[in-house]
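Please read it with the structure open.

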Amino acid sequence: MVVFDRPKSLTDKEFHYCPGCMHGVVHRIIAEVLDELEIKGKTVGIAPVGCSVFAYNYFNCDMIQSPHGRAPAVATGVKRVLPDNIIFTYQGDGDLAAIGTAETVHAAARGENITIIFINNAIYGMTCGQMAPTTIPGQITSTSPYGRKPEIQGLPIKVCEMLAAIDGTAYAERVSADCVKNIRGVKKAIKKAFINQIEKKGFSIVEVLSNCPTYWGMSPVESLEWVKTNMIPYYPLGVYKDVTANKENKKEEE
């Protein structure tokens with residue numbers, strides 16, 4: 001009896017990610033969801049620029065490479081042309097919360113019926129560990145060697161909180177890939193985001209707190225503990241907006 005196997009929505013190509021990085025885990029979760037919902041054949045993924053720039057090599061569905069930060073714009077175009085297809089973007093914090101902020105915000109404002117998977121590791125992982133829009137106060141990076149100072153570099157952008165305030169956002173949840181229990185939550189949130197799109201609920205984003213052992217200068221185990229003790233307190237986990245739940249609560253009140 002097979003108890004563990006490679007999802008059909010993943011290719012056989014080995015991941016290029018650093019040892020201990022959780023990109024591979026999240027990739028597998030997305031592939032499992034595509035298999036379980038039986039939507040692989042009509043799914044189009046948008047690969048960004050960043051650590052996951054080669055994501056098109058790993059997913060066994062149609063993939064498109066977008067310019068840096070423009071994945072939501074590309075996803076919008078594909079969804080408008082192929083409204084019955086399932087469209088998702090897979091983006092890091094530099095891609096989504098820096099150069100791609102406008103595309104993300106306006107896709108949400110338009111209520112585009114797409115799914116965004118947002119990996120937040122609080123750093124620029126592809127280009128040697130510079131400070132990102134999500135780097136937390138006091139965090140040391142290659143461009144903030146004395147720690148991020150809010151009075152100089154400003155405060156981090158909290159993406160879920162920001163997008164939850166936009167009327168066009170249907171679903172925004174922050175989860176974490178730091179332990180098995182929370183990884184189960186990652187899958188639950190990603191599956192819900194895809195189901196929302198299938199049911200035409202609108203713009204959905206799942207923010208996944210993740211690690212960067214290489215540029216945090218830690219072992220994989222240490223980096224996951226750092227997510228737990230430093231990132232989660234600053235970026236609290238939870239559902240920040242769910243229009244479906246809100247509607248159900250209103251019905252119960254009535």
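Predicted model: local features only at pLDDT ≥ 70, side-chain atom pairs only at ≥ 80, totals over all residues.

1. Sheet order. Seven strands make up an open sheet. The order is β2-β1-β3-β4-β6-β5-β7, and the pairing is mixed. β2 (62-65) and β7 (238-242) are the edge strands. Each has a single partner strand, so one side of each lacks a neighbour in the sheet. From one strand to the next, the twist averages 15°.

2. β1 (residues 43-47) and β3 (residues 86-92) run parallel. Four bridges join them. For V44, the bridge partner in β3 is I87.

3. Helix α1. Residues 23-37 form α1, which packs on the sheet. Its contacts are with β1, β3, β4 (115-120) and β6 (203-209). The direction of α1 makes about 170° with that of β3.

4. Helix α9. This helix spans residues 220-234 and lies across β4, β5 (169-176) and β6. Against β6, α9 runs at about 135°.

5. Helix pair. How do α2 and α4 cross? The axes of α2 (residues 71-81) and α4 (residues 101-109) come within 7 Å and cross at roughly 40°. The two helices are therefore oblique to each other. On the α2 side, the contact uses P72, A73 and T76. These meet E103, T104 and A107 in α4. By class, this contact has three nonpolar, two polar and one charged residues.

Terms used:
Residues numbered from 1 in each chain as written. Heavy atoms only, no water. Axes fitted to C-alpha atoms, helices over the stretch in contact; angles between N-to-C directions. Parallel < 35°, antiparallel > 145°, perpendicular 65-115°, else oblique. Contact = heavy atoms within 4.5 Å. Nonpolar A, V, L, I, M, F, W, Y, C, P; charged D, E, K, R; others polar. Pairing = 2+ DSSP bridges.
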